[in-house]
Each structure stands twice: as structure tokens, then as C-alpha cells.
Amino acid sequence: MFDILIRNGKVVDGTGARAFLGDVGITDGRIVAIGPELQQEGRRVVDASGLVIAPGFIDPHTHFDVQLLWDGAAKPALEHGITSIIPGNCSLSLAPLKADDRKTLIGMFQQIEELPPEAFTQAFDWTWEDFAGYRAAIEPALAVNVAPLVGHSVIRLWVMGADAQQRAARPDEIAAMQDLLRECLEAGAVGLSTSFVDVDENARPVPSRFAQFQELDALCAVLGEFGRMLQIVPEFYDTDITIARIDQLAELSLKHRIPTTLSPVFDNRQSPNNVPRTLARIEEQTARGARVWPQMQTRPIDISFSLLRPSLFFARLPGWIKVLRLPVPERMIALRDPATADRLVADVGEDGGERLMGRLVVRGGGEAPDHLVGRTLGEIAAERGEVPARALITLSLENDLSIGFLAANGGHDSTERIGPMLANPLVHIGASDGGAHLTSFSTYGDTGYLFSEFVRKSGALSLELAVRKITSDTAEIWGLKDRGLLKPGFAADVVVFDPQIIARGEERPAFDMPGGGMRYVRDSIGIDTVLVNGEVAWSKGSYSDSATGRVCELT
Amino acid sequence: MALSLQRRFTTPEPDESLESLAARSLPDLPLDVAMEHIRGWNLHIFLMRRPRGLLLGGDVVFIEPPQT
Amino acid sequence: MKEAVVLAAEVAAGHDGEVDLVLTLSYENGVVGTVILDADTAFEIMQSCGATSSADLVGRAWHDILKGI
């Protein structure tokens, strides 16, 4: 008898092979049988009639490092079908880190990933310094599987102290970093992350950016001993630099026989050659045998702003720029001045801003009154008998300029262009940033969006290919042992979902961070059941108490 | 598949100055012209970075204008 | 060698949800490429060269725009 029998589903096994009607039998946390009409019974039966049975999804770019210390499910990632996550991206991880350097790291996380300081001080006891200690701290309560990266910036900080953000490393310091990285890999780290972009809360480049290429090369030699991943954040705003980074990654990949990945890569209609040129270079380097995986997110980029800070949303409006660049007290005086407000409204054109501003949505989670949240400025303006530009000014003044507006689908939003990119075998679907950017936008639900937008709506990917791209492809790229496939002997990470309705929910504020802090989240739609290592972790809208997640074994 | 030609770049030596980098990268040009070129071709360092012009060990520094 | 000139100025979404300014430049060697500026930088160069809006940058020599920085 199986522990769990998932019956009568459309089995999409993660290989990309055509789906078939069948059952999946699970015992002792592993898949033990797959096929049509399995004869054994199950102690627990999940009826998957009309639903897809697929391997659990794997998210390769997250920042759940700290959340895992109070929430082993990395909510709400798990309810979207994510059963394995990779935290520690972008050069930042919670270990190895000396106690004296915690404040420095918290500042970086706060600046780069928008994680509040309370997340690091109120919800757990910080008892460890080394990587094994961090692993021991998260492991007992994990409900998702974790394959943590170790951050280059913290490795540098450990070895060089404050000099890590000042200078190149000496040979003895590079050797010490190599030893430290080796220790982390022996403790289960899936690889090393570094960044060429990020700055700390004082706008100082993070430690990894002070490293010479020779330092990175030396660290990759250690990755090569284990065959582990190097993740980088390239200068994604410049195609030529991104290509230079691809070439550096290719060199490191070939020399040390390691996989590498760069994240993010995204498409904008204003720079349409960016992704094609990037992928052309990836193709050339892949043909040489290099393993360089560009990560692309599925979700469009939403623009958000308030009148508290000058935004380029108004770049074509001289009067608005002039007012928004005033210090806040003078700015408010100017906006309150009827003549100035009239000029600003006139500045947007005869339609009163209907075309430019009418579809802006009032964001929740800040100072906005509840009855306005989620509504368009056009609707609100009509209700008030104002044009949208006037409503934007008055609403802002009524809320001390702290009211946020959102322009949905501001970038990376062309389904026709992005669908084929996501389907490209050289593109690694990821870059979700799960667990980060808490107060700017929701980083959850990208997998649901993959199915709703690119499988159901545009057909750019078949159901089978979409599943493969976020399961077995990811497991293979990252070397996650026995995950990513529905196959006898593999870990029973399984998601059961309705292919007709799977999607991401609307973005909404949630006040569930330590200290009551706010973050934007999305609920899942169409996910029926999620199993992690053979236990039901989420089913029909509820989390279980299971804590069967693990730090992933690696190939 | 042969690699196509891409924009040439260098990386800074430890504690290297713009003068030194420009002189070794564009040796045939007068130093002030070479420095002006390096500045203009590397806005990520000389325009967008704070403090402007801070050379970091990990930087990609282009030594020619865009090619495509 | 010709001067680099701004051919177009458009706004675009950046990775972090902020708005960036995308300038299309014709470089001195005839190549046309894009430069993406964050908000702080974009506002600063507009102010330093006396541009009242992003559209005001179009047609200007890139060297002149950067002169005040």
C-alpha cells in the first residue's frame, strides 16, 4: 500500500514528454510508481480528476534567506506550487558572517532587497556565524526544500572586514576566501553568488564589486572542485556589458567546468535588441561548451511611484519635473497653489491626463484610503468630477504625498516577444526575486503566470514544456539530486493543479512581516495540492503542519 | 560556432587610476583624449556611479565605442 | 570623427519597478545604441544641460549634455 496515491490525473512528468492519464504512488517520501490505473491502494488518496500531476516547481532566484528562519514554507511561494527554492543570490547570504558584521549585512539586505531591519532582529535568535550553523538553524522547520547559495560579499566581509568595501584582496586573503568557500560547499551550499550592480544603504558598492577577476577566478576554482554554480547579477541595463559578463562566465565555466547563471535578463520595447543580442552570445558560448544560463522572469514589470520622489514617469512634462524636484515642503506648497496645479493639469494635454494617467491604479499598503485601493485614477477622477491629472494631485495632497500609484505592465510585457524567449532552450526561467522587494511589488506567482499567459493564452509553450522548464531543467542546471521529475526513486515533490485556471492572484498588501511590516503578495489560483518529500504541505487553500522540507542533496 | 567580435574591454588593476587605465588601453592617443574617450564609453562608471569614476576591480571598462 | 548625438528619449520600466530613461544615441562611429539612465542620473543631466523635459534632450550632442556633470 502506498502512503499516498494521487489518482486519475493528467501526468506531466517533467521530461517534456506528452501528458498521459494516470496515477502516482508515493511511499517513504519518494515516488515509487507511475502509470495508468495503479493497482495498489493508498493510505491517503488525492483525487486528481481533471487536474495535472506535475513535479514541484523550483525557483532558482530567491531571497528567502531570512524568512526561512520564521517561515519554513517561504509563504506564499509554496502555495504557488514551489517546492524547492534557491536563496542566497546576488552576493548576499546570512552565512558565513561574523556577529560584528550583522549590521552591515542587514543594511545591504535592506537596500538591495527591501527587507525591513525588524525581519532580522525580531523573529529569531541569531546564534550562528558559519554556513553549517545557518543550515542547522533553518533545517528543522523547513516545509520547502532549499538549496542555498553562499554570497561572495559575505565571504569577502568575513576575510577582509571593512576593507572588503575598499580594495582588492591580497593573495593570502584570496586563499582564505577559497578555504571559507570550500567549507560552505562542504556544508551543502549549491554555489556562489556575486553581484556587479548592487550598492549598500550608503550607496557604496557591495564588497563583491571590489574583487578583481582573478579573485573570482580563484573562487571558481573551488566551485570546480565540487562542480557547483556561479550566479551573477550583471549590469542588466547595458547589453554590451551583459555580453562582456557572459564572456567572463563562459571563460570561468570552461576553465573550471562549472555551470554559471546571470540574472536578470528582461525585455523592453524601448531596447528591443537587448535580449536577442544577449541570447545570440549565449548561443555562441554554449556551442563552445560553456554553461551560461540567462535567467528570465515570466511576469511583466509594474512601475510604481508616488509624488514623494521625482519619477521619470513625468519625464516629458517640464512643469511636473520642476515641481517634483523641489524639496518636499516646497513641493507640497507648490501643489497646493491653485495656479500651479492648473498649469500642471494643462501641461498633460487636452485630455486632462486620461491617456497618460487614467489607468494608474491606487496601491494599497501605504497611506491610501481603503475605498480607493485597487481602483484606477480614471474611475476615481470621474467620481470626483475631476480629470485624472487633477485627481493625482489632490489625492496625493490628501495623503501627504504618500499615496502610491501603479502602472501595470510597464516593461517586459510583450507576450508575443517574451513567449518564444521563455520557450528557448537556452533560457532559464527564474529571476523571480521571491522574498525580496517587499514594499515595491509582489515577487510571487510567476509560475502561475507562466501557465495562464504563455501556455493557455498565447500557446508559446506547451503545458509539458512549461512544466519541464521550471522543474527538471532547473534541477539539472543546478545539480539538485533526484528532484524535478515524476520518476520512481525521485523525491515526491508534487504539485496538483488545474491547467484550465492556474494563474496568479491580484497583488495585495499583507501585514505579516515581523513587527507587522507590510509586503505585497499574490495568492495562488488553481493549485489544488502541493506535496514536499511525500507529505501534503498545502491543500485546497490551507497549509499543513508538515515540515518535510530539506536542504537539497546535490549531484 | 566561432565567436563573433564584440566590444573590447579591460578590467582595472588594483588601485588603478583613470589616467593609468587610459594610457595603457589607448596608447596611441594623447592622454587627455584617451581619458575623454574612456569616460564617454563607460557611463556606468563615469556618469551613473556614486562617487562618479570610482574604478572597481570587477568593472568592465570599454576601450572602444559601441560596435553594433 | 563625428559627435555622438541623442536620437530619441523614452521612458521604460527598470528591473526594480522604477522608471528609467532610455536614450538612443548615434555614436561617433555611426553605430546606433541605447543608454539607460536611472532617475537620479537622468534628472541630474537634464538639469545640468538646461533640458526642461526628456524630449528636450533629443537632437543634442551627447558631449554637450554631459559637459556640466
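This text walks through the interface of chain A and chain C, then a sheet in chain A. The model is predicted: local features need pLDDT of at least 70, side-chain atom pairs count only at pLDDT 80 or more, and totals for chains, interfaces and linings use all residues. Residues are numbered from 1 along each chain as its sequence is written, chains are lettered from A in the order in which they are written, and side-chain values use heavy atoms, without hydrogens and water.

Start at the interface. Here 29 residues of chain A are in contact with 29 residues of chain C (heavy atoms within 4.5 Å). The two chains bury about 2300 Å² between them, 60% of it on carbon and sulfur atoms; buried area is the accessible area (1.4 Å probe) lost on being put together, summed over both parts. A:Q270, A:L312 and A:R325 supply 30% of the area that chain A buries against chain C, more than any other three residues.

Charge pairing comes next. The count between chain A and chain C is one salt bridge (a side-chain nitrogen of Lys or Arg within 4 Å of a carboxyl oxygen of Asp or Glu). A:R309 and C:E18 form this link, at 3.4 Å from N to O.

Now the sheet. Strands here are DSSP runs (E, at least two residues), numbered from the N terminus. In chain A, three strands form an open sheet in the order β14-β16-β15, with antiparallel pairing; two strands pair if DSSP finds at least two bridges between them. β14 and β15 (361-362) of chain A are the edge strands, each pairing on one side only. Two bridges join β15(A) to β16(A). A:V361 has A:L406 of β16(A) as its bridge partner.

Methods:
Helix = DSSP H or I, 4+ residues; strand = E, 2+ residues; numbered from the N terminus.
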